[in-house]
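Subject: A structure to look at, with notes

Dear colleague,

I am handing over the structure below, together with some notes on what was found in it. Please keep it open beside you while you read.

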Amino acid sequence: SARKKAEEGKYLKAKADSCSRARLAKASFDSGVRITRMNEKGEHEYLDDAARAAEANRIQGVIQSDCN
């Protein structure tokens, strides 16, 4: 029983951390700043509109699942 509570606590902490990170990422995307990501060569590349929209949708999905 104690082990189960400890595992549940870890799960809830991870979920809260994921929620917090998703909210910060959403704030960055909503601010309108240009977002970069590293490509396979280790170079920074800016997200185009389609990639930005896809990532924003992914972040919103994380918020919906982890922030309740």
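The notes that follow go from the overall form to single residues.

First, please keep in mind that this is a predicted model, in which local features need pLDDT of at least 70 and side-chain atom pairs count only at pLDDT 80 or more, while totals for chains, interfaces and linings use all residues. Residues are numbered from 1 along each chain as its sequence is written, and side-chain values use heavy atoms, with hydrogens and water left out.

**Overall form**

The protein has 2 helices and 2 strands, and from the N terminus on these elements run in the order α-β-β-α. Helices (H or I, at least four residues) and strands (E, at least two) are DSSP runs, numbered from the N terminus. The C-alpha atoms fill a box of roughly 50 × 25 × 15 Å, taken along the principal axes. The radius of gyration of the protein is 16 Å, whereas a compact globule of 68 residues would have one near 11 Å; this radius is taken over C-alpha atoms, and the globule rule is 2.2 Å times the number of residues to the power 0.38.

Of the 68 residues, 18% count as buried, where buried means under 20% relative accessible area, exposed means over 50%, and partly exposed is in between (1.4 Å probe, protein chains only). The protein exposes about 5,600 Å², of which carbon and sulfur atoms supply 52%; accessible areas come from the Shrake-Rupley method with a 1.4 Å probe, and for residues only the protein chains shown count as cover. A contact means heavy atoms within 4.5 Å, and among the contacts with a separation of 6 or more, residues 24 or more positions apart account for 48%.

**Helix α1 and what covers it**

The 30 residues of α1 should span 44 Å at 1.5 Å a residue, and the end C-alpha atoms of this helix are 43 Å apart, which agrees; the expected span is 1.5 Å times one less than the number of residues. After α1 comes Gly32, whose phi is positive, near 90 degrees.

Which residues of α1 are buried? They are Ser18, Cys19, Ala22 and Phe29, and what covers the buried residues of α1 includes α2. Ser18, which has its place in α1 (residues 2-31), counts as buried because its relative accessibility is 16%. Leaving aside neighbours within four places in sequence, Ser18 is in contact with Val62 and Asp66.

**Helix α2**

Asp66 has its place in helix α2 and touches Lys15, Ser18 and Cys19, not counting residues up to four places away in sequence. Between Asp66 and Arg34, which are 32 residues apart in sequence, the distance in space is 26 Å, C-alpha to C-alpha.

Gln64 also lies in α2, and this residue is exposed, because its relative accessible area is 56%. Gln64 and Ala22 are 42 residues apart along the chain, yet their C-alpha atoms are separated by 9.9 Å. Asp49 lies in helix α2 (residues 49-66) and is likewise exposed, with a relative accessible area of 68%. From Asp49 to Ala25, 24 residues apart in sequence, the C-alpha atoms are 16 Å apart in space.

Leu47 lies in the loop between β2 (44-46) and α2. Is Leu47 buried or exposed? With a relative accessible area of 17%, Leu47 is buried, and its contacts, not counting residues up to four places away in sequence, are with Phe29, Ile35, Arg37 and Arg52. Leu47 and Ser1, which are 46 residues apart in sequence, are 47 Å apart in space, C-alpha to C-alpha.

The charged end of Arg34 sits over the ring of Tyr46, 3.7 Å from its centre; a charge sits over a ring if NZ of Lys or CZ of Arg is within 6 Å of the ring centre and within 35 degrees of the ring normal.
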